[in-house]
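Open the model in your viewer and keep the selection tool at hand. We will go from stop to stop, each time picking something and looking at what is there.

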Amino acid sequence: MADDTDAFAIADLGDVWIDLDIFQEQLDLVREGQAVKITSTSGNLHASGTIRFVRSTLGEETRTAVARIVLENENRRWRPGMFVNGEVVVEQSEVDVLVEWSAVIADDEHDVVFVRDGNEFAAREVVLGRSNDTHVEVLSGLSTGDMYLSKGAFTLKAEMGKNCPFRRSFSVNTGVSIMKNIVEIPLKNRVLVFVFAVGVLIAGWTSYSGLPVDAFPDVSPSLVQVFTVTEGLAPEEIEQYVTYPIEAVMNGLPQLEKVRSVSNFGLSVVNVYFEEGTDMYFAPTGGRGATERSQRADSGRIWRAGNGTDFDRHGIGPVLLPRRHNWLVLP
């Protein structure tokens, strides 16, 4: 350990400093003595304090001024180095009636609050005043001590409109009555409920037993692929001597939709597409017909010009040789 290195530090954490960064456009609103609500970034710690002083200079990099709050830390839950959020109360005023924003809804271009009147909630028009993020002042329409609906006002409005569009009150016991009827009706009609349940079971078993094995439809097209391997030929030769003759033979098939092909080095691929619903296994005009016709244009080595012995062995004379050479692929 070097001579100028601190071995340990002694600190009194009974009080901690909270330094808030205040942007320069907000400095006119922040003053010493204002109340501040402190919340940890995790949201599990809350505290309140007051601003002790506001630094008169701004940081060169952040362009903010520091507002310091001294916070009591008896339980040692606020630790040095923690990040916190602070809400500065810039103005306080007393109002006669204050409600939550969630209780106010718009109804025909008027602000409405549901107020309890006996066993019902009645919609009452109100005039609003100053507000913050969570509460709003009511200038008229409510009196001190009135019980209002703070949560679920939109749901109650929807129920009122569904029951009667012109009704501006809703019984508190309506929801209880609906649930009571849902429970009592099946109990009073047990035979009907039993018959209905048996009918559902029978219908379910019938549907299950008649369900095909292939529950999902086959979305693949009706396709026959003809692969021809001919080594040592360029794509141009494959296209001329192999692919084109096969396409010419396939074009006469019934229920044919289209023919597509690809010619590569030593490989010809011809895709024969048939109309939807063609039986590719058993129909003579489907896959079997494509197979038989592909055998007529059997691929192999390209017949080249040779001597008379080759002509006689395959029954090809000098006159037919150009045609054979251009259009046929012989094994």
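One term before we start: a residue counts as buried under 20% relative accessible area, as exposed over 50%, and as partly exposed in between. Keep in mind that this is a predicted model.

Select isoleucine 178, which sits in helix H2 (residues 174-188). Is this residue buried, exposed or partly exposed? Its relative accessible area is 45%, so isoleucine 178 is partly exposed.

**Step back: the whole protein**

Show everything as a cartoon and you will find 7 helices and 14 strands. The protein has 331 residues, and 27% of them count as buried. Among contacts with a separation of 6 or more, 60% are between residues 24 or more positions apart.

**Second stop: a sheet of five strands**

Next, look for the open sheet with the strand order S1-S4-S3-S2-S5, paired antiparallel. At its edges lie S1 (15-23) and S5 (84-88), each of which pairs on one side only. Direction ignored, neighbouring strands here are turned by 40° against each other on average.

As a reminder, strands of a sheet pair through backbone hydrogen bonds, either parallel or antiparallel. For a close look, select S1 along with S4 (residues 64-72): the two pair in the antiparallel sense over 9 bridges. Which residue in S4 is the bridge partner of aspartate 19? Pick arginine 68, and you have found that partner.

Select S14 (residues 267-274). Of its 8 residues, 7 are buried, so the strand is largely enclosed by the rest of the structure. S12 (residues 223-229) pairs with S14 antiparallel over 7 bridges, and leucine 223 stands opposite tyrosine 273 of S14.

S13 (residues 256-264) also runs antiparallel to S14, joined by 8 bridges. Here serine 263 faces serine 268 in S14. S13 and S14 form a hairpin with 2 residues between them, and glycine 266 in the turn has a positive phi of about 70°.

**Last stop: the salt bridges**

Side chains of opposite charge can pair when their charged atoms come close. How many salt bridges does the structure hold? There are 4, and we will visit some of them.

- Start with lysine 151 and glutamate 100, whose closest N and O atoms are 3.8 Å apart. Lysine 151 lies in the loop between S10 (135-140) and H1 (153-163) and glutamate 100 in S6 (residues 98-100), so the pair ties together parts 51 residues apart in sequence. Lysine 151 is exposed at 57%, while glutamate 100 is partly exposed at 24%.
- Move to aspartate 146 and arginine 124, which meet at 3.3 Å, N to O. The aspartate is in the loop between S10 and H1 and the arginine in S9 (residues 120-131), so this pair links parts 22 residues apart in sequence. Both count as partly exposed, aspartate 146 at 29% and arginine 124 at 32%.
- Finish with glutamate 137 and arginine 130, with 3.4 Å between the closest N and O atoms. Glutamate 137 is buried at 12% relative accessibility, whereas arginine 130 is partly exposed at 46%.

Technical notes: Residues are numbered from 1 along each chain as its sequence is written. This is a predicted model: local features need pLDDT of at least 70, side-chain atom pairs count only at pLDDT 80 or more; totals for chains, interfaces and linings use all residues. Side-chain values use heavy atoms; hydrogens and water are left out. Helices (H or I, at least four residues) and strands (E, at least two) are DSSP runs, numbered from the N terminus. Buried means under 20% relative accessible area, exposed over 50%, partly exposed in between (1.4 Å probe, protein chains only). Two strands pair if DSSP finds at least two bridges between them. Axes are lines fitted to C-alpha atoms, for helices over the stretch in contact, and angles run from 0 to 180 degrees between N-to-C directions. Contact means heavy atoms within 4.5 Å. A salt bridge is a side-chain nitrogen of Lys or Arg within 4 Å of a carboxyl oxygen of Asp or Glu.
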